[in-house]
Every structure is written in structure tokens, then in C-alpha cells.
Amino acid sequence: MQVSKKVRELLAARRPGHSLDAQFYTSPEIFDLDMEAIFARHWIYVGVEPDIPEPGDYFTVKLGRASVVVLRNDDMELRAFHNVCRHRGAQLCNAHKGSVGNLVCPYHQWTYDLSGKLIYAEHMGEDFDPAGRGLKRVHVESVAGLIFVCLVENPPEDFAQMREAMSRYLAPHRLTECKIAVQDEIVEAGNWKLVMENNRECYHCVANHPELTVSLYEYGFGYQPSPSNIEQVQAFRDLTEREHARWQAAGLESAEIDELDSRVTGFRTQRLPLDKAGESQTMDARVACQKLLGHLSQRNLGGLSFWTQPNSWHHFMSDHIVTFTVLPIDADHTLVRTKWLVHKDAVEGRDYDPANLTAVWRATNQQDRELVEMSQRGIADPAYEPGPYSPYTEELVEKFAGWYVGRLQAAAE
Amino acid sequence: MQVSKKVRELLAARRPGHSLDAQFYTSPEIFDLDMEAIFARHWIYVGVEPDIPEPGDYFTVKLGRASVVVLRNDDMELRAFHNVCRHRGAQLCNAHKGSVGNLVCPYHQWTYDLSGKLIYAEHMGEDFDPAGRGLKRVHVESVAGLIFVCLVENPPEDFAQMREAMSRYLAPHRLTECKIAVQDEIVEAGNWKLVMENNRECYHCVANHPELTVSLYEYGFGYQPSPSNIEQVQAFRDLTEREHARWQAAGLESAEIDELDSRVTGFRTQRLPLDKAGESQTMDARVACQKLLGHLSQRNLGGLSFWTQPNSWHHFMSDHIVTFTVLPIDADHTLVRTKWLVHKDAVEGRDYDPANLTAVWRATNQQDRELVEMSQRGIADPAYEPGPYSPYTEELVEKFAGWYVGRLQAAAE
Amino acid sequence: MQVSKKVRELLAARRPGHSLDAQFYTSPEIFDLDMEAIFARHWIYVGVEPDIPEPGDYFTVKLGRASVVVLRNDDMELRAFHNVCRHRGAQLCNAHKGSVGNLVCPYHQWTYDLSGKLIYAEHMGEDFDPAGRGLKRVHVESVAGLIFVCLVENPPEDFAQMREAMSRYLAPHRLTECKIAVQDEIVEAGNWKLVMENNRECYHCVANHPELTVSLYEYGFGYQPSPSNIEQVQAFRDLTEREHARWQAAGLESAEIDELDSRVTGFRTQRLPLDKAGESQTMDARVACQKLLGHLSQRNLGGLSFWTQPNSWHHFMSDHIVTFTVLPIDADHTLVRTKWLVHKDAVEGRDYDPANLTAVWRATNQQDRELVEMSQRGIADPAYEPGPYSPYTEELVEKFAGWYVGRLQAAAE
């Protein structure tokens, strides 16, 4: 891949343990590079199987300038295609979601079946050969209901290992038997990497997230030990150990796996105790949905978190799932799409109240948006220079930054 | 003219019979080139004489970054000037339309007469010579009331032939004796060439233009013959022949002239039968204005269409005229200005209802806007590659694209 | 400083006595250069001491992409810092104005005292050294209450001479004992230099500023002598001489100092008679505030004007002060911030009516905005070419343009 000398030098000059140079957050050239080297060459989380439960259901998603249609075919398999007609290039599906028999271009009615084959094109003459005019395929895979796509011809092969590991963790929550109760989209005026870095630490939580920290123990995300907190930190460690034992005994994988910067398809998972009632990420730490997921019968299962490089995180509780995808728009704008899922048989108003279900993360998303935006403003200032990460609370930020720099360097080779 | 190696290669690589490379629709560099090589060096349709019926009447129009004032002087002649004061460069006329005695700069009252001569400039001292400080002239010509301007010093000379040919076709409709009943402006989020290409075919009409296809025969714009349509296509050909004979006998030129890609000032014309009542492009195919144009006495005169390269089309019927000008804003935005004209003595409410007059093209413009915008979105997608034109229904698109590529190549020489 | 060959040639080609080449007003590259060579290397007027009367009061201001916090410390001294946290670069102060004990970053609570020293940063580990992590200082100075900042390490030294000269002129108006009665911000769609050039002449006043010219003598800003005006011009000169004598006798410096293009820190001042009642720049030329400034006892003190390069002007009258700062946003947008100040003990409703106080300049600012915007439109037109300045009424425009070109050339050396 073509990477300018200037960017190669910036990558080489990156100082570990420090935030990135401003240009990584502000330069349109580097944004284009991110789209090509990161978002076109890695597995990108884009949605969930409950987005498209029936044959012919589809959704569209933008990865940089590329639009992808993800659909379920008549054999209930997932398929994904570039959302571009092979005639004069019109965008085929112009809605976010829908249901179709075939994919028909609105412009001149060129028609593709759900395998992407061109099956109808009027007026094209006797010599026209529809073979070779099918839709361009995009790789698509599901991890226990979480849908990932990959644009590049030969996707990273280590996806299989992530799927294998994570399927064990996620299976009991039965995501494929859920429905999307609420979906939010917010556009943050910041580079996508600031959104990710903000997600990779909770150093900012105490002062900024009053709703989230009702149920989230701050000790779960790194802490500098000191005489004044040594007892609480130890108490949290003991609690985690006890809960892990209890959950594992109930068949729920809980131990930390951290492969954030040691693999191409970087990820991390851990089931963490929740504070107070210990049931769910809600305003009272109790379940938001009376009908539990899958065959779960216990409410206090903590929160199973799953983080992926480059663009997602997910929290699985006994009663609901919250899942986030980060979609870059341009160098200083990013779309964050949040979905709250509950059991598909749960009844709104009886089993759950959408306002209660979304209260914590809706507030937290807005707070994070403000933090990301003040970071973008400051980093765009000529006075900015990379500063040091905390060795205690920003290790995962460092892993994100290190993974990112390494992946760009690999693409530049 | 300076044209980069990259653009020269793109031009040379263009595959006839296929849509253009994405960069022709998305690159700001090529947009600037279009403005210089196409819009500054060709005759551009900008408005009609009824826009400025009286001495001192003017209108302004933007051609890329250039603003032009078109006016009628005291001898009733058309004049056009660059809309820039020769003092410190303020834009002289800041309204779309108006009426003036002289052109007075609002900033420091430098005053130009309607021939562009500087006739007043205070405080400039004894040595100041107003000669050589007049407004810069722009070429302006009328074809039976349709106003064209050309920015370049030596405009294409073949304009005269287009005028001679078209004057015979247009004269009976007496555009100069019309008034503008309604004018619309819409901004389409697409490159100007997509707006033009969309205009140059009716392959998309059946599925997208229910209002327009009330009166428009789909066979009039190319059709792949097949056993199932051979009779209708032949019937349309017979009808056209009969109607041409009738119209020619009534002194109305009707035969097709197609010089779209064989001349610098490319154009095409043809009078085509209309369906149903056959009178006009309205929702019931009947005239929208009871007072017919000029001295016309028959209502069923079909639709005389006139298409020009690079930026206009016009439909002349017995009762009204619809005229369209396409004005590029930037690589992915285009202004489309539509005017509906009726006889100047027609009375609104008695002779015509503006809602009825505009119903077909107002709806059609919005539908075309959506098609252009989904094309722009798809073409900006990295997955887009040029696709094949229909040899039956997209021949005029190919002529537009071929003319465009040829004109850029000529400018690059 | 790195300046491209193209810009060096444009600078060298500048024709004295003529407006600048279009690119100086439209090119993003030259805008960036302006920010670096002009706004980062000169003393920039940003606000007044009454913006921050108490310890801990601060305001923020944007100079190009740089945000600066100006504050008053506990010793009542002015301090200024780059508004960027040294941790991960978040913008520290996200409001325009406020009051603080320390500067606390909202992201992770890194805390700086009012001298910029980092005094608190949690979780950073035992090896973390807060020294060298303080906020980056910005030079800040006051001229009789007008606050100037300079971003460059070694600011122009001739600021001291301007302060010395101007302090004598300004002192009697006691700006530091005023309060801000009203503040306006308008964004003009024009390059900052057009805003400045418009300010540097009154050639446009008669036709455009009916409110301002109630009190402003047009003869005060240059006039081409002619038989028809020779008597009035002479009468104005005589009046000015008489009034200067009267004001000087009362201890009020009045004589013109013009150092606009003869120094790095260019400035100009003059006390000019006002027309009609001669008291103030109001709709009836009478004072807008019954409580006069400082210890002034006479109302008819004309208007003491103070103009600075590159970005401000100020009018000091017996009853109120109007002060303007011009802050570039991008090549074609500029923020103009206007403050009206009265004696801090003046009571709204009793001593002054804000609508009356602001009537003249609020109207004038809007008129100037329109003039600037029509200039920007015309200059962006390819037909624009630099035009001649009046030798009588545009001498100060020429001094601005000459100073600007000289300063860019100095930076390019």
C-alpha cells in the first residue's frame, strides 16, 4: 500500500506510552489511510443477527466511502455485497434497513438475486453477458450473533480463533434469540481513534459518568495502588475471584482474555462483577428486563464485556445486551451506533421499560461525546503535543494505540 | 490549458460505451477543469429574454466561480459583463434580478453605464484615467429568445449554425412574446454530468416518472426490439411519421437533427408526438394554458425538444415552454433552474393554473434529483467501476460522455 | 519560516497602490501563512481588563487553530496559556468565559494552578515528574486596559513604545474602571484582511453608513479637494485645530500619531471632532451614558480612535468606549467581536440604554459585513484583478496592505 514518507516518519517517531501525534487525529490523508489500512483490511463489527432475522432482510452500513449491504438469504445464511449497481453505479439500497425478494436497482431496474447474481437487465442487447456483472462480494461472519464484515479479498485468518474463544463466552446469552429494543445513533465531532481511546479506559469515569459508575466498579479498569485504597482494591480482587468461581461453576466463562495488541484481529474479554444489586448496567444496578436471556436463571451475572480492534465493544448481562459500533465519517466526525437487545419474547411495558433500559448508556454516550469533542479541539491546537499515559489506568489505551500503529506499519510494508 | 498527467491518462483510458471513471464525478481538480475547459469555453444557456424584457433589466448567473450580469441596454440589445467592480473587486449586482439605470457599485459608487463604461469614480485624483477601467465584457447571444453566454475571448464559431437551424424550429413558439409563469431552483447533491446523463435517456422513465410518462411515449427515446414490443414500436414510428407530415405542412419543423457529439456547440432537436390527448406535458396531456403561444391555433403539436451540450434542455409545446439550465456548484452539487413560460397575455387563474402547469416537471425534477443523488453516492464508493451503456436506450448518454471527453482532450492539447 | 515559491512571487509582484491579488483573500495556504506569520508573531488585541475583573476570572480566544486562556491570577496579574491539557490534549476551558480556582481538565482532572503549574495528576505512577508538564505560557500585556497577547517566543519589542505613547492618550478614559455593557459577535463571510481594509477607509461611509455619519465628519478620513468642497474641508481643518487646542489644554492628547506601516507593531491614533452635538458616536451625537468615564467632566471630547495592525480598532469618547477585535476563522470567514463599555458604576436604565448605546455600531457592523461579503464574492471571481486605491481616501488601506506584505516578506526571509 502507498504510504507517504511523512506518514512513515510519523509512525516511526511514535513514542510508546504517549498519545499519538496530532496528525493522526486531524489529517484527511491519514483518515483515508485509516479507511484503507484499518477499516478495509480488518474484521469490522457492523450489526447483529437480530437486525436481519428473516430471509430477504438487509441492512446497509458505511465503512469510510464504501457502503455494504448485509442480508440474510433464503437459506438463512448471511451474505454481504458492495452496495453499488454494476450498470451506472447507482447505490442499490438507499435505506438503512429493509426486506427484499431480489436486489433491484431503482435507476434502471437491473435485478440481482440474493446471491448477488445479475438476473435481469433490459435493453442491454443480444451480446450482453450478465455473468461477470454480479454484485461484488464482501466477507461476512457471525460470532454468536455479532456480525463482522471484511472488505479485503483475503481477510485476517485469526478471526477463527476469536470466534472460537468468544463463542464459549457469548453463547449462554443467546444473542440470536434477542430483538433490538432500542437503537441510537450519535455523531461525535472527533476522530474515530479518540472515540476508541475513550472507550479503552475508565480513568475518566468517576468525574464524568455518574450513571455508569452506579454499577461499574472503578477498580475493574486499573488503579494506582496507594495506602488509602489498598483495602478496596484488594476487596474488589477477592470479589472478582469469588464471582468468577461462581459463574464458571454455572457454565459461564468469565476469565480475562487479552489479545488486544497481540493479534491482527485484536480483542479482549472479561466478566466483571457489578456494584450494588450487581445485576445489570442500570440506574439501580438491577435488571432492566424481567425476562432473562436464553436459559439464564440467575440475575446477578455481572457484565461480560467484549472489546474488539478496531471499532467495537459490547456488554452482555443476564437480562440485556448493549452493543456499540464505531464508524468513522471523516477525520473529525464519527458515528457511534448503540443497540440495546432483550429476549425476543420480552414485552415492552411489561417486561422492560425502554427508558430504564437505555438510561445509563444514553447518558454515558453523551458524556463521552463531550469528552471526545474537547479532545479533538485540543489536539487540533498547534500547542498540543503527545502526553504520557498512566501506567495503571491507560494500559488498554496504549494497547489500542500500539495495535493501530503496528497495523498501519504492516500495511505500509 | 494545463491538465495534469493523471487526468490526461484518465481521459485516454476512457472506454467508449461505458460510464466515466469515478474521478470525473468526484474530484475537485476535475471539477475545476470542467469549469475552465467546458463552462468557460463553450456557449452556456443561462436564461430567456423574458427574464429581462425592459431596458435596464438584468439578471445574474454563476458559472463556476464566475458571476455574470446579463442585461438589456437602452437600445434593447443584450449585453453581458463580469459582475466585478474594477476598483477593489466588490460584486456589483448582488441580487438575482433587478432593473437599473447604470451599474453602481454599492461599495464606493463607482458607476458604469449599460455598455460597461466607467462614467464616475470619486476621489481617484487628477491622474486617474477611467478608460481601461470598464467592466469586462462577456459574449452573449440569443437563439429565438434563449440566452447563451460564453466567457472565452474567442467563442466557438459553430454557434451560428445552431442558431440558424434552431431558429426555424423555435420561431413559431415566439418565446420572446412569453412571460415566465413559474421558476424553480433545486440543488442536487450530484455532479453536473450525472444531471446531464440522467437527462439524456428515458431508460429510467417507466419505473421512476409516473407523471411524465402520462404524455411521453417511452418508444421515443430508444428501445430494444423484441417480439413482444415490435408492434408498438412500429406503431410509434408510423405515428411519428404521420405527425411530422402534418406539422411540417403547418410550417412547424419537426425532423430530428442530432449534432450532439459532431460539433463543438453540440445540440439535438426533434418534435415528438405526445400520448393520450397529445397536447402538452401535463397530468392529462392537455394544454395547461388556454391561450396558445404566438399565432399557433392547433393544440396537438406534440413536444419540440431541444437539447444542448453541455448544460440545457427545453420542451416547446403549443401552450407553454419548459426550459432547464444546469449550473455546477461543486464536484457534488448542481443547481437546476427550471422556468415555465406562457404567452405574455395569458392570465393566471383564467388561462392557466400554475399548479397544473408545473405538476409534471416539478415531480419529475424531484425524482431525477433522487436518481442523481443515489448515482453520486454509488459512484463515490470505492467499489464502483464504469459499467456498460445500453446500445438502445443510452446512445445519447454515450454522445454526452463522448463529447465531454473530446472537449476536455481538445482543451488539454 | 517556510513560504512557497508561489507565495513569494505573489508578494514580490504586489503593485503598490492597488488591492492585493485574489489569492491573498481566498487561498487556504495563504490563510495558514497569515495565521503563522501575522497572528502568531505579532501582538494581537483580544479583549479588555473588564472581561476579567476578579482573581480566577478567565476568557478564551481563538487565534487561528490556537485557543488561548487569558486569566487574572490571585495577585491580580494577567496570565495567558495555551488552552490544552498536557496529558492527552483535551481543551481545558471549554467556555468563552468563567471563573476558577485552579484550571482542572474535565477529562482526567489534571489540575494546574493559575501560574500554569501542574499540581495534581492521579494514577501517573511513582516515576511521574509534574515539572515540565505545566501549561504552555503565552505573552500577555495590557495597554491602559486593552489586552494583547503574542504567541511567539520572542515578541516584537516595539510594543513598549506603542504602550508608552498610547497610555497617555487612553489613560483619562479609565478603561480599567469600566464594565462591558454589551458584547456582540458577528461572523462575516469574508477574509480578515477585507474586514481590516474596510475599517481603514471612510470612502464607503456616505453611501453605506447613515447612522455612523450622523456624528462622523466624512472629511476626517481623506478627501479629494475640489472647488465645490474646498470651503468645507478647510472648515473641518480649522475646527480640528481649535478642538485639539481645547482638548490638549484639558490634558487630553489629541494629535495624530501614524505608525501604521513604519513599525512591526503598527498603530495609529487621533482624536477627531464629532459632528452635531459633538459628544459621542450615537444616533443624535449626544452621550449615550450620563455617567462620564473616569474623572472627565466635559461631554464634547470628540472621538479618540486607536487603530492597530493587524486586527483592531477602538473609539474612546467621554461617555463610552467601543472596541473591536477581528479574529480570522478561515480564508473566507472572520469573527468580529464588539464590546461597548461604560463606567462600572453606571446603572442600566438610569444612566444608559443599551439599545441607544449600541445603535450606531450595531447597524454599521451589519452594513460593513455586507460590504465585506460582496467584496469576498467579487474577489473570488476569476474576473477580479487588483484595482487602484484612491490617493486621497484609501491611504490607510494602502498602509495596511503594505504593512501586511512587508510582514509576510519578513517572515519568509
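**Interfaces and local details in a predicted three-chain model**

Let's start at an interface: 33 residues of chain C touch 26 residues of chain B. Contact here means heavy atoms within 4.5 Å.

Some ground rules. This is a predicted model, where local features need pLDDT of at least 70 and side-chain atom pairs count only at pLDDT 80 or more, while totals for chains, interfaces and linings use all residues. Residues are numbered from 1 along each chain as its sequence is written, chains are lettered from A and ligands numbered from 1 in the order written, and side-chain values use heavy atoms, with hydrogens and water left out.

Back to chains C and B. How much area do chain C and chain B bury between them? About 2,500 Å², with 49% of it on carbon and sulfur atoms. Buried area is the accessible area (1.4 Å probe) that two parts lose on being put together, summed over both. Three residues stand out on chain C. Y203(C), M374(C) and P388(C) supply 24% of what chain C buries against chain B, more than any other three residues.

Now the charges. Side chains of opposite charge can pair when their charged atoms come close. We call it a salt bridge when a side-chain nitrogen of Lys or Arg is within 4 Å of a carboxyl oxygen of Asp or Glu. Chain C and chain B share 4 salt bridges. One of them joins E385(C) to K136(B), at 2.6 Å from N to O.

Polar contacts come next. The count across this interface of chain C and chain B is 23 residue pairs, both residues at pLDDT 80 or more. A polar contact is a pair of N or O atoms within 3.5 Å; within protein, one must be able to donate a hydrogen and the other to accept it, and residues adjacent in sequence count only if both atoms are side-chain atoms.

Which helices of chain C each supply at least two residues of the side that touches chain B? They are α5 (192–199), α6 (205–208) and α9 (354–379). Helices (H or I, at least four residues) and strands (E, at least two) are DSSP runs, numbered from the N terminus. α9(C) gives the most, with 6 residues. By class, this side of chain C has 16 nonpolar, 11 polar and 6 charged residues. For the classes, Ala, Val, Leu, Ile, Met, Phe, Trp, Tyr, Cys and Pro count as nonpolar, Asp, Glu, Lys and Arg as charged, and the others, Gly among them, as polar.

Next interface: chain B with chain A. Here 33 residues come from chain B and 26 residues from chain A. The buried area is about 2,500 Å², and carbon and sulfur atoms give 49% of it. On chain B, Y203(B), M374(B) and P388(B) supply 24% of the area buried against chain A, more than any other three residues. There are 4 salt bridges between chain B and chain A. R88(A) pairs with E394(B), with the closest N and O atoms 2.6 Å apart.

Two packed helices are described by the angle between their axes and the distance between the axes. Helix α3 (residues 28–39) and helix α10 (residues 395–412) of chain B pack at about 80°, with axes 10 Å apart. So α3(B) is roughly perpendicular to α10(B). Axes are lines fitted to C-alpha atoms, for helices over the stretch in contact, and angles run from 0 to 180 degrees between N-to-C directions. Angles of 65 to 115 degrees count as roughly perpendicular, under 35 as roughly parallel, over 145 as roughly antiparallel, and the rest as oblique. I30(B) and L33(B) are among the α3(B) residues in this contact, and W403(B) and Y404(B) among those of α10(B). The contact residues divide into 8 nonpolar, no polar and 2 charged.

Over all chains, the structure holds 75 salt bridges. K339(B) and D51(B) form one, at 3.0 Å from N to O. K339(B) lies in strand β17 (residues 333–343) and D51(B) in the loop between β1 (44–48) and β2 (57–63), so the pair ties together parts 288 residues apart in sequence.

Last, the backbone. Most residues other than glycine have a negative phi, and most peptide bonds are trans. Q309(B) and P310(B) are joined by a cis peptide bond, omega about 5°. P310(B) sits in the loop between β14 (303–308) and β15 (312–316) of chain B. A285(A) has a positive phi, near 65°.
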